[in-house]
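Here is a short briefing for a reader meeting this model for the first time. Look at the sequence and the structure, then go through the points by topic.

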Amino acid sequence: MPDWPPYPSGPFTGEFVVGGFGGSPFQACKWVMNQSALVVKGLDVWYNSSFLRGVQVTFSDDSRSNIFGTPSDTHATVTFVPGERITSLTLWGNGNGTRTGRIRLTTSAGQTFDVGKNTNGQTAYEAGVASGILVGMVGRCGNDIDMLGPVFLNGVVTNISISDVVYNPPLTGSAGISQMTLDRVHYVNPPNAKQDLPWTFDNSLTRVASTTFSQSTGTTYGISVSTEVSAELFGIGGKIGSTYTWQRTETTETSTSTSFEKVLAWGISGDLKPGEGITATSFCQQGVGQANYMSTVTLRLSDGTVSTYKEPGVFSNVVYTEAEVTTEPDN
């Protein structure tokens, strides 16, 4: 029986390959049920005027497969951005059934990648791209690419949820928390003044507070895929002595990246007698934190597939307390 290349088990399109049975089988796929969800980020292909010479796959974590075949003759590469889908993929043989002669693909971002021999008059073989999410390549190779085929997810990714977030270590203590001066004004009533001087120190400023959960799955499938996060967050807690410290919040439903404008407002007033002066200062505490974490990712596909796996990430945030005011009389 023909020795077909090994094909990964999972929610993928059926095996589709073009070429001959020379060389040895290869497989490059890192999308594994309940383990990982890496997709193909790029392809490097070497070729000459007769057939494809070599292929290398780059995955969405920037890892690379071995080079299958030989990295010689002419070289071309294509890179896909997160969320970019393959809209068509066509393969040709070398004309006598022993090699893969040419590969051509188009993408949702308007890219066309077309390398290999002149195949005028040859049969073109169209792959079923299903979701358009390319997750691997299979085939056979020796010195050349004897056989080649793509691996696509059947269903599109409809939802990603991140839960069971465990920080290691969590944000604790006062590291990353510092005082930020917002405004400072000096008021003075001259000694020769005939009456008290009323003064008012009020204003407001806005600062952008943000929270980000960064991990591979959250960026792999593009911004069009909904990603939900269920996790404890961190704010600035109470003052211990002269120091503010980080404080955990309750588990919150959020997204991988949120930001909002926080209004920092203050207001205080008083009266200065002749010869008196005062300096009013408004300030707040700013917290800038970062913590590594491990999480559970649940990936849902349109064909009903649900894959759950562990994945690390990095949490970062920028938070602010409410504004405060201090006053310091002149000496």
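Ile86 counts as buried, because its relative accessibility is 3%, where buried means under 20% relative accessible area, exposed over 50% and partly exposed in between (1.4 Å probe, protein chains only). This is a predicted model, in which local features need pLDDT of at least 70, side-chain atom pairs count only at pLDDT 80 or more, and totals for chains, interfaces and linings use all residues. Residues are numbered from 1 along each chain as its sequence is written, and side-chain values use heavy atoms, with hydrogens and water left out.

- Ile86 lies in strand S9 (residues 86-93). Strands (E, at least two residues) and helices (H or I, at least four) are DSSP runs, numbered from the N terminus.
- Contact means heavy atoms within 4.5 Å. Leaving aside residues up to four places away in sequence, Ile86 touches Phe80, Leu105, Thr106, Thr107, Val129, Gly132, Leu134 and Phe152.
- From C-alpha to C-alpha, Ile86 and Gln179 are 50 Å apart in space. Along the sequence, 93 residues separate Ile86 and Gln179.

**Strand pairing**

- Strands of a sheet pair through backbone hydrogen bonds, either parallel or antiparallel. Here two strands pair if DSSP finds at least two bridges between them.
- Strand S5 (residues 40-47) is mostly covered, with 7 of its 8 residues buried.
- S5 runs antiparallel to strand S6 (residues 52-59), and 7 bridges join S5 to S6. A hairpin of 4 residues connects S5 to S6. Asp44 stands opposite Gln56 in S6.
- S5 is also joined to strand S8 (residues 74-79), by 6 bridges in the antiparallel sense. Trp46 has His75 in S8 as its bridge partner.
- An open sheet of 4 strands runs in the order S1-S14-S13-S2, with antiparallel pairing. Strand S1 (18-19) and strand S2 (24-29) are at the edges with a single partner strand each, so one side of each has no neighbour in the sheet.
- Strand S13 (residues 134-141) and strand S14 (residues 145-152) are antiparallel and share 7 bridges. Gly139 stands opposite Leu148 in S14.

**Nonpolar cores**

- In soluble globular proteins, nonpolar side chains tend to be buried together. A nonpolar core is a set of buried Ala, Val, Leu, Ile, Met, Phe, Trp, Tyr and Cys residues joined through side-chain atoms within 4.5 Å.
- The largest nonpolar core has 37 residues, and Trp31, Val135, Val157, Tyr167, Phe213, Tyr221 and Leu299 touch the most other members. At least two residues of this core come from each of S13, S14, strand S15 (157-167), strand S18 (226-240), strand S19 (243-255), S21 and strand S22 (306-320).
- Domain 1 (18-154) and domain 2 (159-330) each give this core at least three residues. These bounds come from an automatic or database domain assignment.
- Apart from this core lies another, of 32 residues, including Phe26, Ala76, Val78 and Ile145.

**Aromatic pairs**

- Rings of Phe, Tyr and Trp (its six-membered ring) pair if their centres lie within 6.5 Å; planes under 30 degrees apart count as stacked, over 60 as edge-to-face and the rest as tilted. By this rule the count is 11 aromatic pairs.
- Tyr167 and Phe234 form an edge-to-face pair, 4.9 Å centre to centre with 70° between the planes. Tyr167 is in strand S15 and Phe234 in strand S18, 67 residues apart.
- Tyr167 is buried at 6% relative accessible area, and Phe234 is buried at 3%.
- Tyr167 and Phe315 have ring centres 5.5 Å apart and planes at 75°, so this pair is edge-to-face too. Phe315 lies in strand S22 and Tyr167 in strand S15, so the pair ties together parts 148 residues apart in sequence. Phe315 counts as buried, at 0% relative accessibility.
- Ring pairs link Tyr167, Phe213, Phe234, Tyr293 and Phe315 into a cluster.

**Charges over rings**

- A charge sits over a ring if NZ of Lys or CZ of Arg is within 6 Å of the ring centre and within 35 degrees of the ring normal.
- Arg99 has its charged end over the ring of Phe51, 5.5 Å from the centre.
- Arg102 lies over the face of Trp92, 3.9 Å from the ring centre.
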